[in-house]
Amino acid sequence: MNQQQLIDNIAKVSSRVRLAAQKSQRKECDIRVLAVSKTRPAEAIRVAAQAGLNEFGENYLQEALDKMADLKDLNLVWHFIGPIQSNKTRAIAEHFQWVHSVDRLKIARRLSEQRPDNLDPLNICLQINLSSEASKSGVAPQQAAELLRGAAELQRIRVRGLMAIPAPTDDEAQQRRNFARLRELLETLKQQMPALDTLSMGMSADLESAIAEGATIVRIGTDLFGARDG
Ligand SMILES: *Cc1c(COP(=O)(O)O)cnc(C)c1O
C-alpha cells in the first residue's frame with residue numbers, strides 16, 4: 001500500500017461515515033474512526049497520522065509497544081482492542097488511553113490498580129458477546145449489568161460504554177439487529193450509569209449499519225490499510 005492509496009482510503013472511509021451520519025440524522029462529529037493498525041508497520045501509522053487520523057487500535061501488546069516507541073514523537077491516542085490476558089494488564093494500563101475489550105471484573109480491577117497515578121483514568125468499554133457461538137470473548141448481555149456494577153466502583157478506570165464484534169454477515173437487516181441489541185443494552189445500562197456515552201461497533205464491512213444504530217466509534221482496518229495477510 002503506498003501513501004497515496006492510504007490517503008485515498010481515508011477519504012473514502014470519511015465520506016462513508018459522513019453519508020451514514022447524514023442518513024440517520026446524526027452529527028458526523030459524534031462518530032470517530034478508530035484506525036485498526038494491527039499487523040501494519042509503524043510507517044503506515046505515520047502516514048495515516050499525517051493524513052489526519054490520530055486514534056489507533058491495536059490487538060497485540062508487544063507489537064503495539066514496539067510501534068509506540070517508534071512513533072513517540074507523534075501525539076496519538078492508542079486503543080487496545082484485543083483479548084486481554086491478566087499478565088498483560090500492567091503494560092496496557094501504562095501505555096493505552098482506551099481499552100475496548102474488558103469482559104471480566106478481574107481484568108478491570110487489575111487495569112485500575114495498575115493505571116499510573118500521573119495519567120488520566122483509563123477509558124474502558126465492556127465487550128459484549130452478542131452471539132455466544134461465534135466467539136469466546138465478551139461477557140454475556142445478561143451479565144453486563146453485574147460487571148458494570150463492579151467496574152463502576154474502580155477508581156482508576158472510567159467505564160465509557162460497550163463494544164461488540166458480532167458474527168460477520170452480509171445481511172444488512174441482521175447487521176442492524178445485532179447493533180440494535182448493543183444500543184438497547186447501552187440504554188438499559190445508562191439507568192445504572194448515566195455517563196455512559198460510547199458504542200464501539202462497526203468495522204470495514206458494516207460501518208453503515210453500525211452508524212445507523214448509534215455507533216460512536218467505528219473500528220476500521222481493511223478499508224484503510226488494505227487486506228491483512230493471515
Ligand atoms: C481487526 C479488527 C477490526 C478491524 O476489522 P476490519 O474488518 O479489518 O475493518 C475491528 N475490531 C477489532 C476488535 C479487530 O480485531
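Helices here are DSSP runs of H or I with at least four residues, strands are runs of E with at least two, and both are numbered from the N terminus.

Before going on, a word on what you're looking at. This is a predicted model, where local features need pLDDT of at least 70, side-chain atom pairs count only at pLDDT 80 or more, and totals for chains, interfaces and linings use all residues. Residues are numbered from 1 along each chain as its sequence is written, and side-chain values use heavy atoms, with hydrogens and water left out.

**Around the ligand**

Let's turn to the ligand. A residue counts as near it if one of the residue's heavy atoms lies within 4 Å. The residues around the ligand are Val 36, Lys 38, Asn 59, Ile 81, Ile 165, Met 203, Ser 204, Arg 219, Ile 220, Gly 221, Thr 222 and Arg 228. That shell splits into 5 nonpolar, 4 polar and 3 charged residues. In this scheme Ala, Val, Leu, Ile, Met, Phe, Trp, Tyr, Cys and Pro are nonpolar, Asp, Glu, Lys and Arg are charged, and the others, Gly among them, are polar.

| Residue | Part of the residue | Distance to a ligand oxygen |
|---|---|---|
| Lys 38 | side chain | 2.6 Å |
| Asn 59 | side chain | 2.7 Å |
| Gly 221 | backbone | 2.8 Å |

Taken alone, the ligand exposes 390 Å², and the protein buries 89% of that. These areas come from the Shrake-Rupley method with a 1.4 Å probe; for residues, only the protein chains shown count as cover.

**Elsewhere in the chain**

Back to helix H1, which also holds Gln 4. Is Val 17 buried or exposed? Val 17 is buried, because its relative accessible area is 3%, and buried means under 20%, exposed over 50% and partly exposed in between (1.4 Å probe, protein chains only). Gln 4, at 46%, counts as partly exposed.

Both residues have partners further along the chain. Gln 4 and Ala 51 are 47 residues apart in sequence, and their C-alpha atoms are separated by 9.9 Å.

Finally, Ser 86 sits in the loop between strand S3 (77-80) and helix H4 (89-95). Ser 86 is buried at 19% relative accessible area, and its side chain makes a polar contact of 3.4 Å with that of Lys 106.

Definitions and conventions
Polar contact = N/O pair within 3.5 Å; in protein donor to acceptor, adjacent residues only side chain to side chain.
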